[in-house]
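Hello,

Here is the structure I promised to pass on. Please open it alongside these notes.

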Amino acid sequence: MHMLDRRRAAAPAWELCACPMEPLLTALKAAAEPTRLRLLALCTQGEWTVSDLTQILGQSQPRVSRHLKLLGDAGLVVRQREGTWVWYRVADDGAIAEVARALVALLPAGDPDLALDRERLSAIRRSRAAAASAYFRDNAARWDQLRGLHVPEREVEDALAALLPDRRIGDLLDIGTGTGRMLVRFGLRAARATGVDLSREMLAVARAKLAEAGLRHCHVRHGDMYQLPFHTASFDLALLYQVLHYAEAPAEVVREAARVLRPTGRLLVVDFAPHDRDELRTEHAHRRLGFADAEVVGWCRAAGLECSTVVHLPGTPLTVTIWPADRADAEHRPAVAAATDPAAEPAEPPGPDPGPDPAPTPAPSPAARVAADPTEAQPIRGVL
Ligand SMILES: C[S@@+](CC[C@H](N)C(=O)[O-])C[C@H]1O[C@@H](n2cnc3c(N)ncnc32)[C@H](O)[C@@H]1O
């Protein structure tokens, strides 16, 4: 049940809102105009640029910008700059966000202006989805080629899921989110999820995917993994999923990811074990041909993170490795302890041609999963 509905059921009407009087009045004044109410309704349906909103409302850009400014000043909508673009969406949380959603819920269902807005909004969504699938289509061949070299993504994601904290994740950050696949896969486990990427094309695909999946608490924004656009200690979980091999300075990326983690936070790095597929440099712009365990564990340590276990998922020919790392000051580590120190010795790179994919080992018991040594020459399938 929506928070407001719960209160409505439990309390007399004059106790409905948790918002203090002054900001409430400012918000109500800001919303009390037909165009601004329409804008508020649109901003609850995703993230939009001024030009999207201008197109939908059929009003001039300066006029729409002025209305958005008033809504923003009242805290009803959030403004997010991305290069020369600015995105608007309804406030994420807090009392004013609740007011915004409550006002939108009161709008008359049959209003013709609102109906037209919804129609035009759907058209913009459709054209974004078409652009996103065109981008996919243009890149699909290259991506499939890469995918064929390692274990199925589903297997990696399942191993990753086993390393997420048992408790519900508060704030999740997906660094180098690409098309937002991790946000779609794990967003529902988080109170809020944010993806960051340098590529606007990727972000366009991610936005379309999040809208399609109805994940309104998941957002993406343009940003550089070396200088994340967030305050220190803002996230409970950060992911670097197949991103580090693009980095000129991976240690700095890990340090920056550690910076934005809360004291009980966890970083999950997913990337390749060392390999010799040179063509990945030329055809896929990989900067690094995989990473040894000790290397990643060392960067984590230097960034104040403890990496107590490593997961290897051998593929043909690429092994995918997961390095979970907790803030060293974390009081309550999730229960994925390992019996070994992965920094003790670098992992052996897999040979150039390890042969066919080994037959899958039967699923280990939970007890067996924590006993394997990630530094063994033979990669281990499954979660340690
Ligand atoms: C192989 S994709 C992985 C995407 C996603 N993590 C996944 O696995 O589906 C790597 C992503 O890293 C992004 N990237 C590369 N350098 C970056 C940087 N300096 N800052 C932010 N993102 C970056 C690329 O744009 C790309 O979307």
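This is a predicted model: local features need pLDDT of at least 70, side-chain atom pairs count only at pLDDT 80 or more; totals for chains, interfaces and linings use all residues.

Numbering starts from 1 along each chain as its sequence is written.

Fold. The protein chain has 14 helices and eleven strands (DSSP runs, H or I of at least four residues and E of at least two, numbered from the N terminus). Of its 384 residues, 36% count as buried (20 or more other C-beta atoms within 10 Å of the residue's own, with C-beta atoms placed from the backbone).

Core. The largest nonpolar core holds 60 residues (buried Ala, Val, Leu, Ile, Met, Phe, Trp, Tyr and Cys joined through C-beta atoms within 7 Å). Ala238, Leu240, Ala257 and Cys300 touch the most other members. A second, separate core has 26 residues, including Cys43, Val64, Leu76 and Val99.

Ligand. There are 18 residues around the ligand (C-beta atom, placed from the backbone, within 6 Å of it). Gly176, Gly178, Ser199, Met225 and Tyr241 come nearest. Helix H9 (181–186) and strand S5 (190–197) each supply at least two residues of this shell.

Helix H10. Its 14 residues (200–213) should span 20 Å at 1.5 Å a residue, and the end C-alpha atoms are 20 Å apart, which agrees (the expected span is 1.5 Å times one less than the number of residues). Buried here are Met202, Leu203, Val205, Ala206, Arg207, Ala208 and Leu210. Just after H10, Gly214 takes a positive phi of about 70°.

Best wishes

Methods: A residue is buried if 20 or more other C-beta atoms lie within 10 Å of its own, exposed if 12 or fewer, and partly exposed in between; C-beta atoms are placed from the backbone.
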